Amino acid sequence: MRGSVAALPQPRDGAPPAESAGAKPMEGHAGVWRILSQCEILNFATLRRHLGRPRADALVLDIAARIAELMPDVRILTAGRALIEIGFERESAEAGAADIDRLRKALARPFDLDGEIYTLQMQFGVAAAPCEDCDDVRLTEAAESALEQARNEKKVVILDLSRADLAFDRLTLMRELPRAIANGEMFLQYQPKVHVRRQEIASAEALVRWQHPQRGLILPGDFISVAEEAGEIGALTMWTLRQVIADQKRLVAHGHDLTLFLNISGMLLADAEFVKEACAVVTASGAKLGFEITETAVIRDPDSAIQHLQTFADIGVKLAIDDYGAGLSSLAYLKRLPAKELKIDKMFVMQLTSSNRDPLIVRSTIDLAHALEMEVTAEGVETPSALALLSVMGCDMVQGFLLSRPLGFDAFSKYLADEAHLASSANVQSFIRPESFWKRA
Ligand code: C2E
Ligand code: CA
Ligand code: CA
């Protein structure tokens, strides 16, 4: 499978056109390129409210006609409700991208409709492939995938199916995921959370990685949302859960009875099947486990999420609220969650000593969490000065590159053994290692 993603920033009028920001020059593919674009009217619901349904439905046909006028060689493949699919050929992917950009600008101009002025908000997902090696289904799926990404990123997204370089398109990863999980291409790294006052390792967080046979290491930022979209996040999380349980037992055998936390996607909190299966596995294992969940996940379907979280808490799983402050936060929910730990998002912690506002936010979050009888973890602790400030503010636990990067199981085991050794010497100076130490890890 081949492909790459080029995301074009959505320029304001007058900004450079797509060709300067978009697909890179493609050598070796001189010839004809097929371009397929899904064009979505984002403000269709609003327009329909103003115009009424029959007029709104006709509007899509008007826009399709306008596109045909602007680009006479374009084929309107489908047009209905809020979506228009167009196809055309160009001598290169960049030429296609430039035409889509011209179209975007032309359609963004306010237009007169039955005597009133309206503005369209359009989003474009585009797939481009050389004619000789492109099948219709793959091109359509790629355009759909580009549109999905365009919605999330609020940019025109162009998927160039000819690129065999290392960039990965979501569609390909989506297809490869089930096999990758089954073939053991996933592995875990652990990052310790250190208790500031007790000067000991309180727990650790498991972070999943994908060692891809061709593409090399892929980090979760590039595949967790793909797994969610592909319906594979349940399988991936069950794999992670089983692996964490096995690792927890191996650590106990080495004399380290540590709670291991894993990240649970918000999507799974509303999934009764997942909750049942996970509970059965956790209960049978007897392992010391924790789940990190984001608050945003709870806000989506609060009643069932809170009920499921209570189920986990009842079987002894510790719960931590992840990325606090990064998304939507609601005090009303915070109070109702059976969580014992609050993790302040790294975006506040990383600028703690260079921003005026962030120390205030962190300070008040620590006080709030303590008032709710929760412990606070600061993630993204990268500098000794941040650690010092957090310690003065009464932060309970710290996690970050300063203390340890995420480590594979063997390196993590060794880290624990070294710390135990330091502790027994009764003089734990600090968990801070010289930077050269982590470069080796
Ligand atoms: P997260 O839960 O907020 O995890 C912490 C991320 O911050 C990790 O990135 C970690 O490597 C990074 N990090 C730790 N210390 C520092 C630091 O001092 N500075 C900076 N700049 N970064 C630091 P990673 O491993 O790439 O994970 C990214 C995200 O992927 C995680 O964010 C989590 O939301 C998600 N994720 C990871 N593993 C899983 C999993 O098994 N399941 C699910 N659903 N999501 C996962
Ligand atoms: Ca986390
Ligand atoms: Ca986090």
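Which residues coordinate the calcium ion (ligand 2)? The close-up views below are taken from a predicted model.

**View 1. Donors of the calcium ion (ligand 2).** Glu 205 (OE), Asn 263 (OD1), Glu 292 (OE) and Asp 322 (OD) coordinate this ion, at 2.2 to 2.3 Å. Along the sequence, these donor residues are spaced E-x57-N-x28-E-x29-D. Distant parts of the chain are linked here: Glu 205 lies in strand 10 (residues 200-212) and Asp 322 in strand 14 (residues 318-324), 117 residues apart. Glu 205 has a relative accessibility of 6% and counts as buried, because buried means under 20% relative accessible area.

**View 2. Asp 322 between the calcium ion (ligand 2) and the calcium ion (ligand 3).** The two ions are 3.8 Å apart, and Asp 322 coordinates both. The relative accessible area of Asp 322 is 8%, so this residue is buried.

**View 3. Donors of the calcium ion (ligand 3).** The donor spacing along the chain is D-D-x55-E. Asp 323 in strand 14 and Glu 379 in strand 16 (residues 375-379) are 56 residues apart, and the pair links distant parts of the chain.

**View 4. Accessibility of Asp 323 and Glu 379.** Asp 323 counts as partly exposed, at 28% relative accessibility. Glu 379, with a relative accessible area of 7%, is buried.

Note on methods:
Residues are numbered from 1 along each chain as its sequence is written. Chains are lettered from A and ligands numbered from 1 in the order in which they are written. This is a predicted model: local features need pLDDT of at least 70, side-chain atom pairs count only at pLDDT 80 or more; totals for chains, interfaces and linings use all residues. Side-chain values use heavy atoms; hydrogens and water are left out. Donors are N, O and S atoms within 2.8 Å of the metal (3.2 Å for Na, K and Ca); water is not among the atoms, so sites may look incomplete. Helices (H or I, at least four residues) and strands (E, at least two) are DSSP runs, numbered from the N terminus. Buried means under 20% relative accessible area, exposed over 50%, partly exposed in between (1.4 Å probe, protein chains only).
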